[in-house]
Amino acid sequence: MLTQSTPVTIPGGFDTLNLISPICRAVNEEKYTSPTPIQTEAIPHLLQGRDLLGCAQTGTGKTAAFALPILQRLAEYKDRPRSKEVRSLILTPTRELAMQIEESFRVYGRYMKFNQAVVFGGVSIKNQIRALSRGVDVLVATPGRLLDLYNQGCLRMDKVDVFVLDEADQMLDMGFLPDVKKIFNEIPKTSQTVLFSATLPTEIVRLTQNFLKDPIKISVAPPSSTVEKVDQRIMFVDRDNKSALLESILEDESVYRVLVFTRTKHGANRVAKNLSKKRIRTEAIHGNKSQAARMQALNKFRSGHVRVLVATDVASRGLDVDGITHVINYELPKEAESYVHRIGRTARAGATGIALSFCDSEERGYLRGIERTINQSVTVDKDHAYHSESIATKSSHRSGGNGGRRGAGAGAGGKRNGTRFSAKPGGRRSSPRANPSAPSGFAKKTKSFHAKPRSAR
Ligand code: AMP
């Protein structure tokens, strides 16, 4: 796995965690020198068989926190699972996350013998039935397809030894809670249960009270710590100018791995189409796309064949792509939580990143909610040709420079030599070209600044 990020880790190394050598070897090869806080805290308890409630979001290293103890437990089995048996079940809300978790097991377990399968909707069920018929040590699944397969008699849950519910709050948001409860009821009461959730709404708390046995409670990296690692800027712009503003930002070649968010599937398609017309390599992922199309788009983005990925919130949840230079909120999300999740895509495992948010007159209410949640005001970036003073003056923002940011070094108005929006020290940079379609004065306005390099933060 390619890891460009600088992970937040705890000194001491994996050797202090009593993991067996095939696991340590795989982890070393991943260049994980030290465990992350969630790994340090969770792994010893999980190795002891305790239930666990982890308040942690993607990017904290939580996958390895549950995957490594599961692999260690699997090593104790002397026999293979019987037909249709499942030994460890990991439930996740989205297909993308399911695939990522399956891939993580493959990576961390590369020196071990075990078999695994991943099942989710939107693809043929036949191969999944075949994989399950052999019995699996690790099954990663989304709730709907899992129940579908279960109801068809294709798997047994009575031998599940470890059950992980990942991104429980997202399950709730997506309406999976009834399915999740059904699954909980099929799992043996004796199995070890692990629940991860970025937030703990009442329904999730109730779930843990009903289904977890005296769990260890761990909370790491509350959203604000991710928020502080991201250089956030707000750009007030009329809705009709958003497309041109996005294109102007993309003229800077150092803005090279970009995740653009829209609120709707329709919006995602429209933005992707516009960018493609401008010969900017772009793909869109959202719930209406076939699974194959989503996988293809994601792979192209990961490999760098596609520069811009336009996504809706649901499609992007848990997305694990290293080296995203910029998150652009083409449309602000209604829920402040989504904002935190979105911008966290550019601050994976301790890395820093840049998040630019477009705000039109109808989105100012969303912005207020976001700022209340993250407990800080977002720096206003006025230095672009599409800035709308009328939208800006209706708000109470401090503008330009390092305005509302707390702590983290220079912001939007930092250096004024070099390209704008640049995040990578020594990264590819080029002078932005003047945008022929932009209003007059644009070229002059685009020539300046970039954020403080990561190394200097
Ligand atoms: P996760 O929160 O599980 O999605 O992990 C986020 C990213 O952190 C993934 O790209 C992992 O490969 C990476 N990662 C997990 N644990 C470590 C570690 N101990 N050191 C460095 N990177 C890590």
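Predicted model: local features only at pLDDT ≥ 70, side-chain atom pairs only at ≥ 80, totals over all residues.

Started with Tyr330. Is Tyr330 buried or exposed? I got a relative accessible area of 11% for Tyr330, and the cut-off for buried is under 20%, so Tyr330 counts as buried.

Next I went through the ring pairs. The structure holds 6 aromatic pairs. One of them joins Tyr330 to Phe358: the ring centres are 5.8 Å apart and the planes meet at 50°. Why is this pair called tilted? Planes under 30 degrees apart would be stacked and over 60 would be edge-to-face, so 50° lands in the tilted class.

Tyr330 is in the loop between β12 (326-329) and α15 (336-344), while Phe358 belongs to strand β13 (residues 353-359). The pair therefore ties together parts that are 28 residues apart in sequence. Phe358 is buried too, with a relative accessible area of 0%.

Lys242 lies over the face of Tyr330, 5.9 Å from the ring centre. I looked up the helix that holds Lys242: α11 covers residues 242-250. How many of its residues are buried? I found 8 of 9, so I'd call α11 mostly covered. Lys242 itself is on the buried list, which also includes Leu245, Glu247 and Ile249.

Last, two finds elsewhere. The charged end of Arg87 sits over the ring of Tyr77, 3.6 Å from its centre. Phe14, Tyr32 and Tyr108 form one aromatic cluster.

Key
Residues numbered from 1 in each chain as written. Heavy atoms only, no water. Buried < 20%, exposed > 50% of the residue type's maximum accessible area, 1.4 Å probe, protein only. Helix = DSSP H or I, 4+ residues; strand = E, 2+ residues; numbered from the N terminus. Phe/Tyr/Trp six-rings, centres within 6.5 Å; stacked < 30°, edge-to-face > 60°. Lys NZ or Arg CZ within 6 Å of the ring centre and 35° of its normal.
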